[in-house]
Amino acid sequence: MSAPTPEPTAPPAPPEAQGAQKAAVDARASLETLRSEIAKAVVGQDSAVTGLVVALLCRGHVLLEGVPGVAKTLLVRALAASLELDTKRVQFTPDLMPSDVTGSLVYDARNAEFSFQPGPVFTNLLLADEINRTPPKTQASLLEAMEERQVTVDGTPRPLPDPFLVAATQNPVEYEGTYPLPEAQLDRFLLKLTVPLPSRQDEIDVLTRHADGFDPRDLKSAGIRPVAGPAELEAARNAVAATTVSPEIAGYVVDICRATRESPSLALGVSPRGATALLSTARAWAWLTGRDYVTPDDVKALALPTLRHRIHLRPEAEMEGVSPDSVISSVLAHVPVPR
């Protein structure tokens, strides 16, 4: 009897591919430690931390909504410290000018010429605090930075650093003296994250930390150290881009977005840009959870934060107490899930 023919074995991956795979694995491990690192300063906001990481992986921006005092600013500062990224904060006020954000040309008397003075937008993580308190003209100054990742002053485009993320905050309960963000600008935010009040135990932990000497203005004393940097983020982004999306999943995303356009409670449904955003965030979440393919559960997990700010309720639905989250949840419950 002749010996069985050995089954052919797959050739080993080239060194470049092996290096990329190892970089992706190391990047995921680094990002997994991010929660514990940020938890040294911020208590009980794991979903907001995850949303910010997803936005960084997708090169998107985040709108943080929560009442004052729930650690929105501290969250962004702790994220920047944990990722070894530069961060700047702009307090948006009614008298803030676009040049206060983007920068302007300044006359240099020594050289008798104008030179560009960069504004705070030239950073990795820009905290736009209370963005709805500034007039639309200043709000619009961020549009080019968020979409094109550059600032044009005097006809000269100037690229922004990479990574670049705008984390804008707004207060959901105080609207006097505010300028609601237009739909076009809301659509530029990849995610809208709600930052809730902490639970009783989490609030006790916050008070205990402060009683033990925690200073939110000194993150180094809290023991926060960088666990990742731009190199790890770039490796993670490459891995997310390689995450498989089946035709069935793409169709599922489209069906969800089209269903919002047909909802009787909505005057404005999700645009095709919103469908693209949902697919991007689902891919990032799938990779973060250790898979190289997207499932319907990944789409459902990111549907609310990705779509809640991209729909517009009819006035009669709003008067009846309908919320964007309830409309999206209803859509998810009725759109058939691919097998």
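This is a predicted model: local features need pLDDT of at least 70, side-chain atom pairs count only at pLDDT 80 or more; totals for chains, interfaces and linings use all residues.

Started with the sheet. I found an open one of five strands, paired in parallel and ordered E2-E5-E8-E1-E9. The edges are strand E2 (87-91) and strand E9 (191-194); each has a single partner strand, so one side of each has no neighbour in the sheet. I got an average twist of 20° from one strand to the next.

Strand E5 (residues 125-129) runs parallel to strand E8 (residues 165-170), and I see four bridges between them. Leu 125 has Leu 165 of E8 as its bridge partner.

Then I looked at what packs on the sheet. Helix H4 (residues 72-82) does, with contacts to E1, E2, E5 and E8, and its direction is at about 175° to that of E5. H3 lies across E1, E5, E8 and E9, and its angle to E9 is about 165°.

Also checked a hairpin. Strand E6 (residues 150-153) and strand E7 (residues 156-159) are antiparallel, again with four bridges. Gln 150 is bridged to Pro 159 in E7. The turn has two residues between the strands, and Asp 154 there shows a positive phi of about 55°.

Last, His 61. Where does His 61 sit? I found it in the loop between helix H3 (46-57) and strand E1 (62-65). Is His 61 buried or exposed? Its relative accessible area is 2%, so I put His 61 down as buried. Leaving out residues up to four places away in sequence, it touches Met 146, Arg 149, Phe 164, Leu 165, Val 166, Arg 188, Phe 189, Leu 190 and Leu 191.

Note on methods
Residues are numbered from 1 along each chain as its sequence is written. Side-chain values use heavy atoms; hydrogens and water are left out. Buried means under 20% relative accessible area, exposed over 50%, partly exposed in between (1.4 Å probe, protein chains only). Contact means heavy atoms within 4.5 Å. Two strands pair if DSSP finds at least two bridges between them. Axes are lines fitted to C-alpha atoms, for helices over the stretch in contact, and angles run from 0 to 180 degrees between N-to-C directions.
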